[in-house]
Amino acid sequence: VLQISKDDVTALQCKVVCLIQNGNFKEALGVINTHTKVLTSDIIAFEKAYCEYRLNRIENALKTIQSASQQTDKLKELYGQVLYRLERYDECLAAYRDLIRNSQDEYEEERKTNLSAVVAAQSTWEKVMPEDLGLREATYELCYNSACALIGQGKLNEAMKKLQKAEELCRQSLSEDSDVTEEDIEAELAIIHGQMAYIMQLQGRTEDALQLYNQIIKLKPTDVGLLAVIANNIITINKDQNVFDSKKKVKLTNAEGVEHKLSKKQLQAIEFNKALLAMYTNQADQCRKLAASLQSQSPEHLLPVLIQAAQLCREKQHAKAVGLLQDFADQHPANAAEIKLTMAQLKIAQGSVIKACMILRSIEELQHKPGMVSALVTMYSHEEDIDTAIEVFTQAIQWYQQFQARTNDGCFVFQPKSSVHLSLIREAANFKLKHGRKKEAISDLEELWKQNPKDVHTLAQLISAYSLVDPEKAKVLSKHLPSSDAMSLKVDVDALENSHGATYVRKKAGKLTGDNQQKEQGQGDVKKKKKKKKGKLPKNYDPKVTPDPERWLPMRERSYYRGRKKGKKKDQIGKGTQGSTTAGSSELDASRTASSPPTSPRPGSAAAISATSNVIPPRHQKPAGAPATKKKQQQKKKKGAKGGW
């Protein structure tokens with residue numbers, strides 16, 4: 001038809017629809033753009049907007065829909081989808097409500113599902129309290145969206161129950177179709193299981209969450225958005241541990257088309273975690289590059305600056321990190337408090353406690369908070385600057401004293417002293433007493449007592465403080481204390497001592513009979529004296545000889561110790577020049593003794609031969625002392641040997 005008439009409107013429109021059905025959106029859009037004179041916006045607005053939507057040209061699709069002269073139902077449906085992708089949830093909610101109200105066809109269930117998805121997105125990303133739409137949760141999609149809305153509200157246990165219900169409904173609906181396999185069901189359940197794992201992670205059950213995340217990854221789902229979210233969550237569980245696994249998982253977040261599947265906040269969170277992972281893996285340049293990119297996208301966001309400061313601290317550039325944070329605090333006063341807290345932490349890490357205190361005191365909105373006052377007093381006390389610590393207390397107390405509330409007619413009305421104010425006065429008094437500022441502490445305690453004259457604890461503290469300064473005043477005040485009868489508590493001492501939690505239990509006395517009872521009565525309260533055992537004396541003890549006063553010291557430490565005695569063999573060794581003889585050398589000569597037999601016969605002597613005919617020749621005899629020398633040699637070999645056979 002188009003060969004005969006290339007500008008035939010019906011033929012061109014049919015061709016565009018066929019291309020859309022085949023998924024050739026770019027080619028279909030090309031046909032529309034080349035025949036703009038024939039295919040006007042009134043004729044083919046929906047097809048053009050749909051092609052732009054599928055090609056992720058969301059802004060262009062919105063313009064095409066808004067420029068259409070007539071808003072048909074299918075354009076309104078597409079308009080709702082476009083608004084959802086642009087994260088304009090309020091307008092999207094209104095669009096779907098209008099569609100549900102003004103249409104009645106077989107797609108009503110799908111519209112309700114989309115409406116519940118918008119409510120869940122508002123609850124999750126904008127922290128809007130979702131309104132009850134009265135939707136009957138008959139499908140697993142509606143149950144899943146309801147669970148997401150509950151997660152946004154922080155109702156994790158309820159959300160888990162909804163997800164379990166969604167899993168049951170999903171299995172029931174899919175198992176009815178005979179063509180659906182178990183693998184298909186598991187693939188469909190992957191997103192529900194992923195949300196279950198996320199709830200486990202929020203509840204601190206990280207091991208269970210990690211196991212479920214890995215099971216989903218093993219299924220290899222086709223949804224790149226789901227894989228990216230799961231990989232990101234695993235990285236957050238790993239933190240600075242198991243970095244090798246995190247580097248593998250981060251590749252899943254870089255898959256093609258991920259940016260079109262996730263919301264802006266999800267993508268931002270993934271980029272933050274990439275920067276932190278680069279920091280943990282010592283990729284300083286990559287970390288700085290990612291943090292700078294994030295800061296350019298969201299100049300008012302805290303995390304990019306904090307990541308850059310953390311990286312500088314890892315490089316031991318603390319002064320540069322503090323300067324970077326100070327510049328950000330000056331440019332964004334709304335976020336100055338959190339930045340200054342980080343700066344103070346860095347100063348404390350450097351050992352500059354006083355500078356950290358100055359930074360903390362510059363945070364006006366936190367300056368008088370009890371936690372801040374406590375931190376400042378502790379740090380000043382650590383630096384032994386008691387005067388400044390007391391000044392911090394005084395300023396906080398004065399601020400609460402001057403706290404006023406404006407009424408509708410513009411008048412100022414002083415509010416009664418709050419519990420925070422009174423607790424600050426009490427803590428200041430305790431601190432002053434601890435550091436010897438008794439008079440200042442007394443004025444604080446008197447102020448407390450005026451506020452509550454029935455407070456016995458404050459009165460006792462006041463009397464204790466006055467006893468150190470003015471004993472007479474302490475006696476006068478002690479008259480205000482209640483009597484001992486009024487103070488006594490009705491406590492059953494026996495029951496208290498015999499209770500399960502008592503640390504001391506009175507031992508029950510055994511029954512006394514006969515003579516024992518009489519002895520006990522006679523002795524009364526006299527305690528039995530234990531007989532001391534006589535110490536054992538050594539066997540060679542002589543009472544006439546005074547014991548050695550140094551007997552408790554080791555032998556080497558005694559004054560009369562002269563070292564070990566030399567061996568007798570050493571005394572027998574001859575001393576002098578080599579070859580000289582000593583007086584006793586003749587005694588050691590065996591040849592001069594009469595009783596010593598000849599060691600070997602002389603050659604040619606018959607008597608010698610006959611006498612020694614039955615004797616083993618000398619070369620076969622074992623020389624005297626040979627076994628001992630061999631043993632010594634064997635011992636030496638054993639000592640020096642390494643290894644063995």
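The legends below describe close-up views of a predicted model. Residues are numbered from 1 along each chain as its sequence is written. Local features need pLDDT of at least 70 and side-chain atom pairs count only at pLDDT 80 or more, while totals for chains, interfaces and linings use all residues; side-chain values use heavy atoms, with hydrogens and water left out.

**View 1. The protein chain as a whole.** The chain has 31 helices and two strands. Helices (H or I, at least four residues) and strands (E, at least two) are DSSP runs, numbered from the N terminus. Of the 645 residues, 31% are buried, where buried means under 20% relative accessible area, exposed over 50% and partly exposed in between (1.4 Å probe, protein chains only). Among contacts with a separation of 6 or more, 47% join residues 24 or more positions apart; contact means heavy atoms within 4.5 Å.

**View 2. Helix 2 and helix 3.** Helix 2 spans residues 25–34 and helix 3 spans residues 41–54. Their axes come within 9 Å and cross at roughly 140°. Axes are lines fitted to C-alpha atoms, for helices over the stretch in contact, and angles run from 0 to 180 degrees between N-to-C directions. The angle makes helix 2 oblique to helix 3, because angles under 35 degrees count as roughly parallel, over 145 as roughly antiparallel, 65 to 115 as roughly perpendicular and the rest as oblique. The crossing is left-handed: the near helix is turned anticlockwise from the far one by less than a right angle, whereas clockwise would be right-handed. F25, A28, L29, I32 and N33 of helix 2 touch I44, E47, K48, Y50, C51, E52 and R54 of helix 3. By class, this contact has seven nonpolar, one polar and four charged residues. Ala, Val, Leu, Ile, Met, Phe, Trp, Tyr, Cys and Pro count as nonpolar, Asp, Glu, Lys and Arg as charged, and the others, Gly among them, as polar.

**View 3. Helix 5 and helix 6.** The axes of helix 5 (residues 73–85) and helix 6 (residues 89–102) come within 8 Å and cross at roughly 155°. The two helices are therefore roughly antiparallel to each other, and their crossing is left-handed. Residues of helix 5 in the contact include Y79, L83 and Y84, and those of helix 6 include Y89, A95 and L99. By class, the contact has eight nonpolar, two polar and five charged residues.

**View 4. Helix 12 and helix 14.** Helix 12 (residues 224–238) packs on helix 14 (residues 264–280) at an angle of about 40°, with the axes 10 Å apart. The pair is therefore oblique, and the crossing is left-handed. A228, V229, N232 and T236 of helix 12 meet Q266, A269, I270 and N273 of helix 14. This contact has four nonpolar, four polar and no charged residues.

**View 5. N233 in helix 12.** N233 lies in helix 12 and is buried, with a relative accessible area of 10%. Apart from neighbours within four places in sequence, N233 is in contact with Y198, Q201 and Y213.

**View 6. E550 in a loop.** E550 sits in the loop between helix 28 (515–523) and helix 29 (568–572). Leaving aside neighbours within four places in sequence, E550 contacts R558, S559 and Y560. E550 and Y560 are 10 residues apart in sequence and 9.6 Å apart in space, C-alpha to C-alpha.
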